[in-house]
Amino acid sequence: MSSPAASLLSANARWAEATDPALFERCAKGQSPKVLWIGCSDSRTPESVVTGANPGDIFVHRNIANQFHPHDDSALSVLAFAVDVVGVEHVVVAGHTQCGGALACLQAAQSTPTPSPATDTPLGRWLAPLTKLVTTLVLASIPAASHLVTVVEENVKRQVKNVCDASDVPKKQVWVHGWVYDVASGRIRDLGVSRGPST
């Protein structure tokens, strides 16, 4: 019985054999993607697959709940490298429905008597800003079934703002977009919060 890891290696060999060698030749010469994708680590949201992109088309940074923390050197270095070195012109912050990180923050914010995102753990510390954001949302006026989607959307909007507030981005000709991928339909929805160099 083959392991999941061994199955991935076998699938890679079949894919490489079936793919046009010209793609690998282009990739070997370097990369010049025009899009940076800041997405969630969720296994159901592979950016190249859901956008029909090829290797070399999208520069990627993924983490739990598609966060862009202002003091996260990992995210900041990816952004700086993408814009200054790779030549990215569009940054997409992509959330998704059924996000486990967003759900954890929603549950923590709704807990009583005090929201407790377990900030003594790495995951809790990572999600603490999102939990804090959730506590500011007025969710009582919308159906409970829509709470998680609202959290996902508001999270994307906040991360778009965080990217735009990063020191290097306003000086460059870069557009920042906020999208949500619907896991149940496979469709991406633009939240209409795109911000360009002059906005």
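A residue is called buried when its relative accessible area is under 20%, exposed when that area is over 50%, and partly exposed in between, with a 1.4 Å probe and protein chains only. The structure is a predicted model, in which local features need pLDDT of at least 70 and side-chain atom pairs count only at pLDDT 80 or more, while totals for chains, interfaces and linings use all residues. Residues are numbered from 1 along each chain as its sequence is written, and side-chain values use heavy atoms, with hydrogens and water left out.

The protein chain is assigned domain 1 (1-28) and domain 2 (31-190), with bounds that come from an automatic or database domain assignment. The centres of the two domains, taken over C-alpha atoms, are 29 Å apart.

Attention may now turn to a group of annotated residues. An unreviewed UniProt entry lists C40, D42, H96 and C99 under "binding site"; such annotations may be inferred rather than shown by experiment. These residues span 60 residues in sequence, yet no two of their C-alpha atoms are more than 8.8 Å apart, so they gather at one spot. C40 and H96 also belong to the lining of the largest cavity. A cavity is a set of points, on a 1 Å grid over the protein atoms alone, where a 1.4 Å probe fits but cannot get out, and lining residues have an atom within 4 Å of a point.

Two of the listed residues can be followed further. H96 lies in strand β3, a strand being a DSSP run (E) of at least two residues and a helix one (H or I) of at least four, numbered from the N terminus. H96 is buried, at 1% relative accessible area. Contact means heavy atoms within 4.5 Å; beyond its neighbours within four places in sequence, H96 has contacts that include C40, D42, R44 and Y181. C99 sits in the loop between β3 and α5 (100-109) and is likewise buried, at 3%. Residues up to four places away in sequence aside, C99 touches C40, A65, L148 and V152.

After α4 comes G87, with a positive phi near 90°.

Conventions:
1 Å grid on protein atoms, 1.4 Å probe; cavity = no way out; pocket = protein on both sides within 12 Å on 5 of 7 lines; lining within 4 Å.
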